[in-house]
Structure formats: C-alpha cells, structure tokens
Amino acid sequence: MSPVAGPGSRLGEVRSGTAWSTFRRGLALSPEITQGLRVTLLLALFATAGRVVVPIAVQQTIDDGLNAGGGPDLGYVRWMVGLAAVGVVITVIAAYLMNRRIFRASEAGLATLRTKAFRHVHDLSVLTQDTERRGSLVSRVTSDVDTISQFVQWGGLIMLVSIGQLIIATIVMAVYSWQLTLLVWVCFLPLFLALRTFQRMLSSAYMVVRERVGGMLGAISESVVGAQAVRAYAVEGRTQQRIDDAVESHRVAASRAQRLAASAFSTGEVVAGLTNAAIVVVGVLLGVAGDITIGKLIAFLFLVTLFVAPVQVGTEVLSEAQNAIAGWRRVLGILDTPADVADPGEDGVRLPRGPIDVRFECVSYAYPSGPTVLHDVDVAIARHTRVAVVGETGSGKTTFAKLLTRLMDPVQGKVMIDGTDLRDVRFASLRDRVVMVPQEGFLFDDTLAANLRYGKPEASDEELLLAVTELGLGDWLDSLAYGLETPVGQRGESLSAGERQLVALARAYLSDPDLLVLDEATSAVDPATEVRLARALEGISRGRTSVTIAHRLSTAEAADEVFVFDRGRLVESGPHVELVEKGGVYAALHAAWISQSR
Ligand SMILES: Nc1ncnc2c1ncn2[C@@H]1O[C@H](COP(=O)(O)OP(=O)(O)OP(=O)(O)O)[C@@H](O)[C@H]1O
C-alpha cells in the first residue's frame, strides 16, 4: 500500500486496498480495541439471545397457555411471563457490560492511534511539515480519529448485536415456519446485494468529506495564525472568502454523503414495510391452511422486527463505517509516510562533548521535485572557527545551514562532523551538540524566563541571569518592566524582532552547544539592539564553532572566515580582508553593503 500525495502535499491517504484491509490495518494499530473481544462477543450473544425469549414466551403463552387443549392454563402463562422477565433482565445486564467493555477498549485503542500518529508527525521531516498544510495535519490526528471513535463505539456495538440478532432471529423463525423465513430472506436479499453498491458510493463520498474537513481546518488555522498579515494588507474580505469557500465545499460534500446515506436508510425502511405486509398476508393464508398456529404467527411478526432492525440500522452503520474507513485511510496516510531524515537511534554514534569540526564532501541538494539548488559544495570548517555565510537571496545559504543541522539529508555527498557522517549520529546526541537559531525563533506565550529555559529546563533564575549578563544583555534585561518575568506574548509578539532573536540567542547559549548555526534576523533593528545582537553573537560564539548566515556587514567583518554563495555554488571562501582585496563576488557584495549603510 503506498500513500498517495495530493498536489502540494507530501502526505497521502492509503487509497489502494479494500475497505476491509484498511479496517484490519486500522485495528492492528490499536490492539486495545480487539483485546478481550471474545468476552464482549459472548456478552453480545447473551444480549441478543435475551431478546428472542420474549417472542418465544408470547408464542408459548398463546398456543400452550391461553389456547391449551383443556382451557386456558394460567399457571403456564405466569411461568412464561416470568421467563420473559428474566430474558429482559439478562439482555439489559449483558448489553450494559458489553457497552462498557467496548467504550473502554475503543478509548484506549484510539488514544494509542492518536499518539502514534502525532509522534509520527513529529518524526516527519521539516520539509514534509512545511508542504503539508498544518490544519490538515491537525485534522488527521483529531477529527479523523474522532470519526473512527464514533464508529467503533456506536456502529461497532450495533454491528455486533445486529449480526447476533440476525442469526438468532433467523434460526427461531425457521423453527416456527421455514416458508415465512424463506419469504423474509427473498424480500431482503436484493437489499443486501444493493448494500455493496451503496457501500462503494458512500466510501468515496466520505473520503471527499474527510478531505474537505482537512481543507477547512487548514484555511481557518492559516487565517488565525496569519491574522496580523491579513489585517496589515487589509485582505480580510479575500481571506473570509477563502474560508467561506472551504466551509461551503465541505457542506456540499457532507450533504451529498448524507443524501446517499438517507437513501440507503429509506430503501431499508421500504423493504421492511413490504416484508411485514407480505408476512401478514402469507402467514394468514398458511394459518387458514393449518400450517401455522396464531401464536407462532404473532411471534413470527415479533421476530421479523428483530430481523428488520439490524438491517435498517445496518445502513446507518454502513455510512458511519465508511466515514471511519475514510478517517483510518488518512491516519494511515500519516503513518505510511516515511520519515525521510531517519534517526539511527541506539545504533547511532554518540559524539563526545568538545569543539566540533565540519566537513562538506561534494554535497549537492535538490528539494523534492525541484532543480538542484546546492551544487557540489566541498568545504571544511576547523574547530573554534566563526564562519559567516553570505550571498544574494536564494543563493542557497539556508539550504546549507539545514544540511549542516540535518534538517534534511544531501542528495549527493556527505556532511561530516568530527569525522562522522551526520546520518550516523544519534538524534539525541546531534541535537545536544548542534543548535540552530532560526531567524524567527519560536517563542511560547509565557514569561521570558520560561522561554529561556527551553534551552536548559533545570536552569535556576541565577543561571538565567548569569547567561544574560555573560552575553552582555544585562542592560536590556534591566530595561524590561518585569525582568525575567516579562510576558513575551503569543509567539513573542510583545517583543521586537531583534529582541526575539536576543531571547533565541540566550536560549541557545544556555543549552551550551558545540556547534551553533545561526540565521541572523534580516529585519531592521534599532542601533541599540544591533549593538546588543553583535555583542551576544560574539559572546555565544566564543570557544565554539559557529556558522552564521550573515545579513549584516559587521557580522561578516567580525568572522574568521566568510563563505560566499552564488546561485547554489560556494564561489569564494576566506577571511573578510582577503576576499575584499580579491575583488570578486564578496567584494561587490561588501561594496553594496557599505553604500546602503551610508
Ligand atoms: N522548501 C523549499 N522547497 C523548494 N525549493 C526551495 C525550498 N526552500 C528553498 N528553496 C529554493 O532553494 C533555493 C535556495 O534557497 P535558500 O533558502 O537556501 O536561499 P538563501 O540564500 O537562504 O535565501 P534568503 O537569503 O532569501 O533566505 C532557492 O531557489 C529557493 O527557491
């Protein structure tokens, strides 16, 4: 089974394979659902067997109690009433216990499925997460699993009882009258056959519904997350229109699926009505001919309702089942998407602590289904070196940094740290020693202290203060009204872009990496913050290897070495002074920087 990716998406749904195989794979992923199923089935049997006791008691009461040979036998009638009461009590108790078991098992099983899916979302490469719309990812782990839960808890329960009821009702009916039983089956057989077609139609209808739910959540979450940009560009109308369109297309798909489900249900109703009428007519004719007693005919009508009920709800269960299968397919789509940057885990190399050297050996990279954006990069970075990476926009600087931190693997060549291929290093060890500070480091809606602690959860307030001071940011901290307890707001919105990067730098400093990879903020910052950033950068790169994607002249000037990228190639490397003297690409870039800053 291979996941099928939609346009612009790297995650897919499992489309191949039958509904049954999806159902089986889905259940295998949540083993708790099927644990102890035998006991649950036994309870289902009791719950249904109890239901046929009533029709049998009615038949016995009429034929052998009220119409007994020597006049009505009230003692026998009392017996039968008592028996029916016991039957009802058994049904109720067994049904209750069965319900409880199914709910418990399914909740446990679906929690496992949700956790597995969510963990896998984390394991997926940054690339996959980028291309997949976040809302769609969220919907797969939440609402798609909910549809499965609805089905397993309600539909699965009814299905168990219904199948038992259908079998037992058929057996008892056959004992009373094989002719009428045959009639019931002849009436229902076309419906059973039609159900397969309905099932196929419902399946594709519900797949569309699940996709549209994902699309709707994607559109809504994007507009909430990007609310600021929406307001800034006054595109509320257009954004609202996109959401309206997504909601509308979901409504259309859901209505279509509901219409199909309703027509399946109504067909069941019609067949049930016709069957009842046919039983009465044929039953009376058989009765007149002396082939069936009045008690048996009445009991038969009771039994037909037991037979019809599962068929009727069966059509509803079918629609729930299709919805659930569609949900399962989307969740399996996540789990089947390979994590393209794999952690070697326990077998991987654990790097000892200490200064790091880096080597790129003939590294090339192309984004999936795109052209090569990094060509044959062959370069080494010695321990303790501060490297500044510069180049025009789109020249491959960020791609270089992502390969260095193993957010992606090269298409060709290898990246080595301390002589070991990055692919062989355990994630835990790699993340411990190599830290990347992105341009827009994510800040959580909490205090400054809590955000700093992401770098070192056990750090005390004193350690936080020391780190901030060591980076030369003491004066900045003093300027904040609540110091370390200053709330940073959602995504750090209460701070300026430069300040957010200061927090990200201090956070990285606390985690004490051996190789720091930094993407300098491009946004204009005030002169005071500019000085602080330079000071913090100086402090954090002291004693370790650092690679900074430099957008400021001062950073490039202060580096030990400058790497110059041009259209995906490393065209120059060396100290700033040498490169300026050389009069090549860097010299031109440098001249442009100087003229801008005047
Ligand atoms: N996720 C992606 N999918 C496809 N192509 C990408 C992706 N990210 C970057 N690219 C392409 O790769 C090339 C190099 O991009 P990269 O981000 O490395 O450049 P950069 O030098 O860091 O640019 P900037 O200074 O603007 O950040 C560009 O042509 C870009 O369009």
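**Entry 1: the model.** I am working from a predicted model.

**Entry 2: the ligand.** I looked up the residues around the ligand and found 12. Y367, T393, K397, T398 and T399 come nearest among them. I then sorted the shell by class: eight residues are polar, two are nonpolar and two are charged. Which helix gives the most to this shell? I noted α12, residues 397-404, which supplies three residues.

**Entry 3: the sheet.** Next I traced an open sheet of six strands. I wrote down the order as β8-β9-β10-β5-β11-β12, with mixed pairing. Why is one side of β8 and of β12 left without a neighbour in the sheet? β8 (434-437) and β12 (569-574) stand at the edges and have a single partner strand each, so one side of each has no neighbour there.

Entry 4: I checked how β12 pairs with β11, residues 561-566. The two strands are antiparallel and share five bridges. For F565, I found L570 in β12 as the bridge partner.

**Entry 5: helices on the sheet.** I went back to α12, the helix from the ligand shell. α12 lies across β5 (386-391), β8, β9 (515-519), β10 (545-549) and β11. Its direction is at about 150 degrees to β10. I looked up α17 (residues 497-511) as well, and this helix lies across β8 and β9. α17 runs at about 175 degrees to β8.

Key
Residues numbered from 1 in each chain as written. Predicted model: local features only at pLDDT ≥ 70, side-chain atom pairs only at ≥ 80, totals over all residues. Near = placed C-beta within 6 Å. Helix = DSSP H or I, 4+ residues; strand = E, 2+ residues; numbered from the N terminus. Nonpolar A, V, L, I, M, F, W, Y, C, P; charged D, E, K, R; others polar. Pairing = 2+ DSSP bridges. Contact = placed C-beta atoms within 7 Å. Axes fitted to C-alpha atoms, helices over the stretch in contact; angles between N-to-C directions.
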